[in-house]
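Here's a quick tour of a predicted model, written for someone who likes to know the cut-offs behind each number. Have a look at the fold first, then read on.

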Amino acid sequence: MKSTFKFLVTLICLTVFSTTSVLGQITEEQKLLYKTGNPADWPKEQDAVVSASKNHKILLENDKVRVLEVTIAPNELEAVHHHQWPSVLYIMEGGDFIDRDGEGNVIMDSRKIPEPLTFPLTMYKKPEAPHSVENLSDTITIRLIRVEMKQ
């Protein structure tokens, strides 16, 4: 009985506190930082498909999800936008980038993370406050599928 209890406690601790990357799956706390907050406070005109429509194409939308194809060309800077729902991202490819908040402050510079990102990469994000991504690569387009969960 004691060994079963120890095993369960160990398993729970490993599950809760682990940040180990497995097959390109990471948590946002592990490497990629971003700002969240209350989506009700964010301007509706800054929704990703409104203000950054060049980069966010709706593949599917219903009352439960919105699926976006996101592309950012080499050396491109997206317009400031937000994502009002929690999301799962499947990032297929990308190079170095800078993510800035709505005021232009650097949230994250991929060149400063301890180890390079490996693609494909899958991650979960809470609602994402107004921000703008700049693709620093001269040759690589950032490509991802974002599934926003409305419910």
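The protein chain exposes about 9,000 Å², and 60% of that comes from carbon and sulfur atoms; areas here are Shrake-Rupley values with a 1.4 Å probe, and for residues only the protein chains shown count as cover. This is a predicted model, so local features need pLDDT of at least 70 and side-chain atom pairs count only at pLDDT 80 or more, while totals for chains, interfaces and linings use all residues. Residues are numbered from 1 along each chain as its sequence is written, and side-chain values use heavy atoms, with hydrogens and water left out.

**Overall layout**

The protein chain has 2 helices and 9 strands, taken as DSSP runs numbered from the N terminus (helices H or I, at least four residues; strands E, at least two). Along the sequence they run α-α-β-β-β-β-β-β-β-β-β. Of the 151 residues, 37% are buried, where buried means under 20% relative accessible area, exposed over 50%, and partly exposed in between (1.4 Å probe, protein chains only). Take contacts (heavy atoms within 4.5 Å) between residues at least 6 apart in sequence: 78% of them join residues at least 24 apart.

**The cavity and the core**

How many cavities of 30 Å³ or more are there? The count is 1, with a volume of about 310 Å³ for the largest cavity. On a 1 Å grid over the protein atoms alone, a cavity is a set of points where a 1.4 Å probe fits but cannot get out, and lining residues have an atom within 4 Å of a point. Grid points are joined across faces, edges and corners, and the volume is the space filled by probe spheres set on the points.

The largest cavity is lined by 24 residues, and Leu89, Phe97, Lys125, Val133 and Leu144 lie nearest its centre. That lining splits into 13 nonpolar, 6 polar and 5 charged residues; Ala, Val, Leu, Ile, Met, Phe, Trp, Tyr, Cys and Pro count as nonpolar, Asp, Glu, Lys and Arg as charged, and the others, Gly among them, as polar. Among the strands supplying at least two lining residues each are β4 (87-93), β8 (128-135) and β9 (142-149).

The largest nonpolar core has 16 residues, and Ile91, Phe97, Ile142 and Leu144 touch the most other members. A nonpolar core is a set of buried Ala, Val, Leu, Ile, Met, Phe, Trp, Tyr and Cys residues joined through side-chain atoms within 4.5 Å. β2 gives the most to this core, with 3 residues.

**Individual residues**

| Residue | Relative accessible area | Class |
|---|---|---|
| Histidine 81 | 1% | buried |
| Serine 137 | 10% | buried |
| Asparagine 75 | 47% | partly exposed |

Histidine 81 lies in strand β3. Beyond its neighbours within four places in sequence, histidine 81 contacts residues including Gln46, His56 and His131. Its C-alpha atom is 7.7 Å from that of alanine 129, 48 residues apart along the chain.

Serine 137 sits in the loop between β8 and β9. Leaving out neighbours within four places in sequence, serine 137 is in contact with Pro74, Asn75, Gly95 and Asp96. Asparagine 75 is in the loop between β2 and β3 and has a positive phi of about 60° although it is not a glycine.

The peptide bond from phenylalanine 119 to proline 120 is cis, with omega near 5°. Most residues other than glycine have a negative phi, and most peptide bonds are trans.

Key
On a 1 Å grid over the protein atoms alone, a cavity is a set of points where a 1.4 Å probe fits but cannot get out, and a pocket is an open set with protein on both sides within 12 Å along at least five of seven lines; lining residues have an atom within 4 Å of a point.
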